[in-house]
Amino acid sequence: MQQTWHFHLMIFPQVVGICYDLNTPKLKWCFIITDKRPMKQDNTKPPILSTVRRLIREAPFRLRVVAGLGVAGLVLAFAGSLLLISGQRSMTQMVSMLTMQMADTAHHRVNSYLEAPTRAVLQLRDMIRLGHLDIHDRKSLMQWLREQSGLHAEVIGMIVSTPTGELWGFNTLPDGRESYLASDTHTGHHLIAYKVNDDASRGNAIIDAGPYDPRKRPWFKQALKAGEPVWSSVFRQKETGVPIIALLVPIYQRGVLHAVINATITLSDLSHNLRDNHMGHQGLCIVIEENGAVIASSELTPLFDDEGKRTHMGNLKDPVLKQIYATIKKLPNDAGEAMIDHNGQRMIVRAHHFHNKHALKWRIISAMDNAEFLDPIMQREHWTRITALGFALLSLVIMVSVITHLWREIARRKETEQALRRSKRRFNQLFHKMITGFAEHEIICDKSGTPVDYRFTDVNPAFEEITSLSGKSVIGKRVRSIIPNIAPSLIETYGKVALTGESIEFVQYSNEFKKHFMIHAFQTKPDCFAILFLDISTLKKIEQALKKARQQAEQASQAKSDFLATMSHEIRTPMNGILGMVELLKRSGLKKDQMHKVEMILQAGQTLKKLLHDVLDISKIEAQELTLEETPFRLRDKIESVRQMFSQAAREKGIRLNASVAGDVPDNLIGDEARLSQVLVNLLGNALKFTDFGEISCQVTLKLERGNHVILSFSISDTGIGISEAHHDRIFKRLFQVDPTDPRSQGGTGLGLAISKSLVELLGGEIHVISTPGEGSRFHFSSEFLIDESPTANSAIDPKAALAIKGTTVLLVEDEPINRIVGEGLLNSEGYRVTAVEDGYKALELLQQHHFDLILMDVRMPGIDGVETTRRIRQELPRPASETPVIGLTADALKKSLAQCREVGMARVMVKPIDMEQFNRLAAELIHGIEA
């Protein structure tokens, strides 16, 4: 802990401070040199003085006399020690330190002066980029620019220029008037300053600066050349001729220049700031460019001469400034410190670089006159040395006898008193400044010891502000006299706290104050308690608003789900007809060129089908409706099936497509086969899309096996175009594409990888990418599965049992004529005997007359839909019709729709369009109990 006394020694006006460190046995001292302007005196008495006085008052008279002499000797010793070391060399070093301090202060002031326009113009750029401000909405734009000018006094103008030559902005004229700057078709492309109306619109014209095209201005060209935020060179404002500098920021959208914005500041204010940074009468501070052109000067040097040329420091008439500049140029890297001597005037000069991230390269030069600070001291050096020596000898004799006795006692008492003061100060600050209300009370009981009332003993300012009750009106009074209707249960609760010492916390609504309070009550001493309470009425209102907002969000989410279900049905229904008709056409024995065209139509339809699946998957993931199914499957068959899907496309591009499963990987697994297949298809399709030569490989390895659980690692690598590291995380975001300027350049929607990431996380794994542009990519993810240890896991399907579905009778219920024709054609081609009806009523009527092995039911139909039809089959028809397996056909596949189908008794639900391979498996399972 350091104690400091400030006082003036009249014979040394520059020495204004002495520091004394009590924490070490050594006496440490220093002195501070400033200019001749008096420093504000600190009249606070340090605790050490009061401690010494009290110790001396308690000591015997003889010791008090010695202590007084010792204190006097200490003061004299300090003064003598200061005078003994006051040599010219040490003073020169001190002036050097002050020069450095002045340079650092100037650097800080320049940086602070440039910070305001930087912050304002970058904020304007971000608001325009994010769409919060439209540069063509001039009223809103001018209102914002006007507000920013009010917030940043350094900024005298903010301007927005467009590539078409139009300009709008806000400017402050030299007389302090605000002006609306414009150069557009309305002004005839003249730069005109208008008066600013209260609503930030144009008023009457003030100044016409003549024809003006911002695109021809040097600052506009400089912004285009830089392509990023950059400071302009010093130039004169066209309408006023004032020297200014501007921060220029070009705004590009999709590679096209959208606007150039700038914020301008005058350099005269910066010169005045540097003038205030002087130390001494001969000190100076100058900011220059690297070529020597003056930017700002504490001497208020003009920045342009009479001919309009920039003022150069080497061309100034002042010989001292010329010599300073010549000296600085000789320093290494034009930075450092040097001493100059001009006609006997010695000055310490310091120069350092000022660099700004927006292409600013300046130098700051500061100089101080050495003699101005040293002469008053050196003139008295001879006599002060003799005086100091006498003071030092006298003080040494006295100090030895006093310091030893007082030192330990002073340190002990000082530490104790400081701790008490700190504790009291912290308590007072907390008590008076905390926003939580505080009230202390004394409990009042009846003769039986039951609490019946309590009395206020203390409150804090927050109590008065929250309750609007003054401390004077409540302290010493009972609560029933202040709040007559207080609940007895509340008094009982507080009485329990005061008598038992058990703290309690609860929320209470006060009818008296019409507010909700969070209250914490605790015992302060026997029979007394205090409460801390906080007004949470606003939080309660926010809670109600959040509850209402949540309800609205849930309603909106439900509306979105209903919309997706409807749109899914409306899109899938005609899609089912299109794909089905194409599939039937494909099976009708076409010529080679016809078959090629049909396959192209089928491929485009499958692409549209996948896009619809992706959109619905994203919606289900957002609604947390996507669930996993646990079904047995063979891993190697699945990998080979996925590989076969892309083998033809890979051969057409001349790419090798390999797939392998490590030997230690179990083949019979239980998990969501469909979702795993979806991830592999997305990743392999993505690899094939961006690979034009080389190979694509899919590898599966065992990462971890624990009991009947395994974690498998899947790796899909390619030799394609690769992905830059900056996009590694972003490619998994929805709708993101590496080349956003041409989303059709490689095809796709930007949904596949986002869906894959969500599915992998649902499967209990993680997905990552390792890629280098031009060298290919490697996607790897992990997933957890169960090992299928059932006896039938390795058994093959009996071909005779698989043929049992042939001749199966199927009732197809479908309201769309095209879909009925498609369904009948596909089912008949697979060997089923099909009867098709167009609504649920005819289906119920037909089931009463004929027996069917299987019912294929459209979920959404006019009249009674598939859900209601199935419910009536189960509840109203006799056996065996009521037990006929029903497979639902739906277009939305949302969780709500699937749940309704299962509730009414549908055995399975298929998503349109009909997948015959899937239908055959379901038919074999439901009719004959065969798991295909």
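Before I show you any sheet, let me say that two strands count as paired if DSSP finds at least two bridges between them, and that helices (H or I, at least four residues) and strands (E, at least two) are DSSP runs, numbered from the N terminus. What you see above is a predicted model, in which local features need pLDDT of at least 70, side-chain atom pairs count only at pLDDT 80 or more, and totals for chains, interfaces and linings use all residues. Residues are numbered from 1 along each chain as its sequence is written, and side-chain values use heavy atoms, with hydrogens and water left out.

Let me start with the open sheet of five strands whose order is 13-12-16-15-14, with antiparallel pairing. Strand 13 (294-297) and strand 14 (336-342) are at its edges and have a single partner strand each, so one side of each is left without a neighbour in the sheet. Strand 12 (residues 284-289) is joined to strand 13 by three bridges, the two running antiparallel, and Val 287 has Ala 296 in strand 13 as its bridge partner.

Across strand 12 and strand 13 lies helix 6 (residues 267-275), where contact means heavy atoms within 4.5 Å. Helix 6 runs at about 45 degrees to strand 13; for such angles, axes are lines fitted to C-alpha atoms, for helices over the stretch in contact, and the angles run from 0 to 180 degrees between N-to-C directions.

Now to another open sheet, where five strands pair antiparallel in the order 18-17-21-20-19. Its edge strands, strand 18 (451-459) and strand 19 (504-510), each pair on one side only. Seven bridges connect strand 19 with the antiparallel strand 20 (residues 515-525).
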